[in-house]
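Here is a short note for a first look at this structure. Please read the points with the structure open.

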Amino acid sequence: MNTGDELPPLEIPITRTLIVAGAIASRDYQDVHHDAELARRKGSPDVFMNILTTNGLVGRYITDHFGPKAALRKVAIRLGAPNYPGDTMVLRGRVEEVDGDTATVRVTGANGIGKHVTGTVTVTVPRAGEVTVPAATAATAEAAEAAVTASREESA
Amino acid sequence: MRDARCAVGDADEGATVSYGPGVSHEVAVDEEFEKRLKAYEGRPAAVARAGKDPVNAPMIRHWCEAMGDTNPAYAGRDAIAPPTMLQVWTMGGLSGHTGRAHAYDELLGLLDEAGYTSVVATDCEQEYLRPLRPGDEITFDSVIESVSEQKTTKLGTGHFVTTRMDLRVGPDLAGTHRFRILKYTPIRRTERTEEPPQGRQQRPSQPEQEAKSSQSAPRHKPARPRPVVNRDNAGFWEGVRRRRLLIQRCTDCGGLRHPWLPGCNACGGMDWDTVEAGGEGTVYSYVVMHHPPFPAFDPPYAVGLIELAEGVRMIGNVLGVPCDKVRIGLPVRLEFQEYDEELVLPVWRAQDGTAQEGTYEHR
């Protein structure tokens with residue numbers, strides 16, 4: 001994991017099924033993500049992928065590459081050209097920064113009409129042999145402990 | 001057609017709408033209105049709300065199946081939820097949320113009233129502080145972080161609204177989720193939106209670049225008005241959709257009629273069928289529209305009352321000849337013109353573009 005590393009591209013065929021399944025899995029029932037007729041009435045040529053699905057795909061792209069021990073810390077994305085059925089989105093990533101076991105990856109996803117998504121993902125990838133104890137988890141565990149103590153004090 | 005309407009980008013120019021290359025209009029920014037919008041900044045959009053379901057394996061599985069995500073961390077005994085599902089646990093779903101804080105709805109309502117009726121998600125920024133596991137019960141608060149000034153994007157002109165949501169499991173902050181939407185007035189394409197020669201370059205690119213290119217955006221105009229389709233004339237419009245011009249024929253007296261009516265003007269008969277127009281006609285009368293201007297149209301243009309070879313008359317645009325050269329008696333031929341993805345209209349193309357004044361006489 002080094003600055004400048006390019007992740008192998010991931011091709012995602014944008015099917016109607018992916019768009020609708022993604023919308024439903026993310027509990028997003030906006031009609032433009034499942035009803036082509038209503039999408040057209042709103043000025044879109046077809047249904048299009050919702051932002052939560054794009055977010056999920058970006059997350060998957062990173063963990064597919066860095067492995068199941070990789071922990072996502074932050075995903076920030078911006079949308080551009082919509083993902084319509086029949087298109088293919090190609091996700092690409094480049095390691096922009098490495099700080100210890102944490103990498104910042106710049107991700108782009110281009111489809112046939114332009115850049116669908118640009119974003120940055122911060123991911124922690126423990127080195128081989130290390131046990132995953134994310135700092136944030138430790139911090140929240142402390143917070144939980146403190147809260148439990150506080151509530152005990154309250155009830156006491 | 002998929003094209004330039006699609007890109008979203010935060011424009012730097014602020015209140016400039018571009019209707020075509022080199023043609024831009026300053027949009028009057030209502031300062032009073034912008035002040036009202038700004039007043040929503042910092043107000044809560046949701047307070048101490050609970051997720052509809054605890055984090056659970058079935059929702060995780062459905063998500064992973066949809067995403068094609070086979071990460072083993074999301075299955076089995078020690079499964080965690082995919083971090084990017086963060087927002088999912090807060091969604092209202094098909095039945096929506098109840099008891100929403102008023103500020104957010106009020107803000108969206110205010111934008112709706114001002115004509116910014118469409119909405120699109122543009123940015124999402126999530127931070128994951130603690131993994132979520134099946135059984136975790138989510139609560140969340142959300143605040144309106146910012147409401148932008150009026151901005152113009154390739155989708156249209158509007159305001160960006162950013163909310164920040166904090167998600168908790170018990171007292172623990174599990175993650176934050178910043179979400180930005182654009183509430184906008186959509187730009188609709190019409191027949192005037194000609195693909196520029198360098199049309200390929202008009203494809204949406206990176207949103208940041210979009211912002212800078214709005215001055216050279218393709219020509220956008222409001223949509224042409226839709227025809228009024230009702231029970232009596234639905235057959236006519238269905239024919240037009242299939243590129244056939246159908247004339248109603250009374251099955252009692254055989255008389256042809258247009259526009260479509262429930263009964264026959266001549267004999268009162270209620271039964272009818274249709275015949276397809278051959279497409280030949282002449283200009284029976286016409287007007288040239290100069291005023292009032294309407295954004296979907298480009299005056300001056302000629303509107304003809306066309307007498308079809310079959311004898312009925314109907315109104316339509318006369319094309320293929322300068323509008324000041326349209327004359328009574330000018331032979332025209334039917335064409336179907338596609339104005340946008342859902343609007344096809346019959347129009348009449350002049351068959352003798354050299355028509356001179358006085359050549360044709362009123363019959």
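1. Start with a pair of residues in chain B. Arg249(B) stands opposite Leu256(B) in β10(B). The strands β9 (residues 246-250) and β10 of chain B pair in the antiparallel sense over two bridges. Two strands count as paired if DSSP finds at least two bridges between them. Helices (H or I, at least four residues) and strands (E, at least two) are DSSP runs, numbered from the N terminus.

2. That pair belongs to an open sheet. Its three strands have the order β10-β9-β11 in chain B, with antiparallel pairing. β10 (256-257) and β11 (272-276) of chain B stand at the edges, and each has a single partner strand, so one side of each is left without a neighbour in the sheet.

3. A word on the basis. This is a predicted model, in which local features need pLDDT of at least 70 and side-chain atom pairs count only at pLDDT 80 or more, while totals for chains, interfaces and linings use all residues. Residues are numbered from 1 along each chain as its sequence is written, chains are lettered from A and ligands numbered from 1 in the order in which they are written, and side-chain values use heavy atoms, with hydrogens and water left out.

4. Now the interface. In chain B, 52 residues are in contact (heavy atoms within 4.5 Å) with 51 residues of chain A. About 4300 Å² is buried between the two chains, and carbon and sulfur atoms give 56% of that area. Buried area here is the accessible area (1.4 Å probe) that two parts lose on being put together, summed over both.

5. How many salt bridges are there between chain B and chain A? The count is one. The side chains of Arg78(A) and Asp123(B) form a salt bridge at 2.9 Å, N to O. The term means a side-chain nitrogen of Lys or Arg within 4 Å of a carboxyl oxygen of Asp or Glu.

6. Which element gives the largest share of the side of chain B that touches chain A? β4(B) does, with eight residues. Strand β2 (residues 71-79) of chain A and β4(B) pair in the antiparallel sense over five bridges. Here Arg78(A) has Asp123(B) as its bridge partner.

7. β4(B) also pairs within its own chain. It runs antiparallel to β8(B), and 10 bridges join the two. In β8(B), Thr176(B) is the bridge partner of Glu127(B). β4(B) is mostly covered, with eight of its 11 residues buried. Buried means under 20% relative accessible area, exposed over 50%, and partly exposed in between (1.4 Å probe, protein chains only).

8. Last, look at Asn317(B). It lies in strand β14 (residues 313-319) of chain B. Is Asn317(B) buried or exposed? Asn317(B) is buried, with a relative accessible area of 13%. Leaving aside neighbours within four places in sequence, its contacts include Tyr301(B) and Trp348(B). The side chains of Asn317(B) and Arg224(B) make a polar contact at 3.0 Å. A polar contact is a pair of N or O atoms within 3.5 Å; within protein, one must be able to donate a hydrogen and the other to accept it, and residues adjacent in sequence count only if both atoms are side-chain atoms.
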